[in-house]
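I am going through this structure and keeping short notes.

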Amino acid sequence: VILFIQIYPSFGKEKLKLNYDNIEVLLEGDFIQGGLVKGKTNPIIEIQFKDKLLRKNSEGYFIIGFWRDHPDIAYLSLKPKKKWLKKSIPVKKRIYKTQAINGLQKKMVTPPKSFYDRIKKENKSIKQIRALDSNLDFIFQKFTWPTKGIISGVFGSQRILNGIPKRPHYG
């Protein structure tokens, strides 16, 4: 028997209300490095995060995310009329899990030269996908976990293989 449970994406419990000239922006999520925050404002108002115009769905919902090493202050800008108004958002520092694994074969720590072309190609594809700008609002829809199992790495975590720090997990 396989059981699928539908749940909403996980947003943290912290809430923040920002006011811009009588316009309210509600934020809910994890105000921490690597955190995800859902926002809501008037759907006709322009809003920016990190100098990028954010998409909103028809109800005025939007998403912002804080980078792994985000500074302790983030800025959200709103344009209710002709002028952009900026508000600061505090971002907490996160301590990421680090896993040290020693005694590995060299090929498990440093990929052979033949792997680098594939790694470069995959990184280029990932960069292109992350640059996409889509009006899909799937983040607000129900989500079904595809399977149960061990989660071996989470965003921001890092492995140290035979004493050599590797790139953090960037999701």
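Entry 1, the largest pocket. I looked up which element gives most to the lining of the largest pocket: β7 has the largest share, with five residues. The model is a predicted one, and I read every value below with that in mind. I noted that β6 (52–53), β7 (61–65) and α2 (113–130) each contribute at least two residues to this lining. The volume I have for the pocket is about 2,400 Å³. In total, 48 residues line the largest pocket, and those nearest its centre are L36, I63, I64, G65 and I139. By class I have 26 nonpolar, 12 polar and 10 charged residues in the lining.

β10, α2 and β12 each supply at least two of the lining residues. I note that α2 is also listed for the largest pocket, again with at least two residues.

Entry 3, a three-strand sheet. I found an open sheet of three strands, in the order β10-β12-β13, with mixed pairing. Which strands stand at the edges? They are β10 (98–101) and β13 (164–165); each has a single partner strand, so one side of each has no neighbour in the sheet. β10 pairs with β12 (residues 158–161) in the parallel sense, over four bridges. Within that pairing, I noted Q99 opposite R159 of β12.

A hairpin of five residues joins β8 to β9. L76 has K87 in β9 as its bridge partner. As a reminder to myself, strands of a sheet pair through backbone hydrogen bonds, in either sense.

I placed R68 in the loop between β7 and β8. Is R68 buried or exposed? With a relative accessibility of 10%, R68 counts as buried, because the cut-off for buried is under 20%. Its side chain reaches the backbone oxygen of G156 at 2.8 Å. Leaving out residues up to four places away in sequence, R68 touches Q33, G34, Y96, F155, G156, Q158, P168 and Y170.

Q33 sits in the loop between β3 (23–29) and β4 (36–40). The Q33 side chain reaches the backbone oxygen of H70 at 2.8 Å. The contacts of Q33, again without residues up to four places away in sequence, are F66, W67, R68, D69, H70, V91, K92, K93, R94 and Y96.

Notes. Residues numbered from 1 in each chain as written. Predicted model: local features only at pLDDT ≥ 70, side-chain atom pairs only at ≥ 80, totals over all residues. Heavy atoms only, no water. Pairing = 2+ DSSP bridges. Polar contact = N/O pair within 3.5 Å; in protein donor to acceptor, adjacent residues only side chain to side chain. Contact = heavy atoms within 4.5 Å. 1 Å grid on protein atoms, 1.4 Å probe; cavity = no way out; pocket = protein on both sides within 12 Å on 5 of 7 lines; lining within 4 Å. Points joined across faces, edges and corners; volume = space filled by probe spheres on them. Nonpolar A, V, L, I, M, F, W, Y, C, P; charged D, E, K, R; others polar. Buried < 20%, exposed > 50% of the residue type's maximum accessible area, 1.4 Å probe, protein only.
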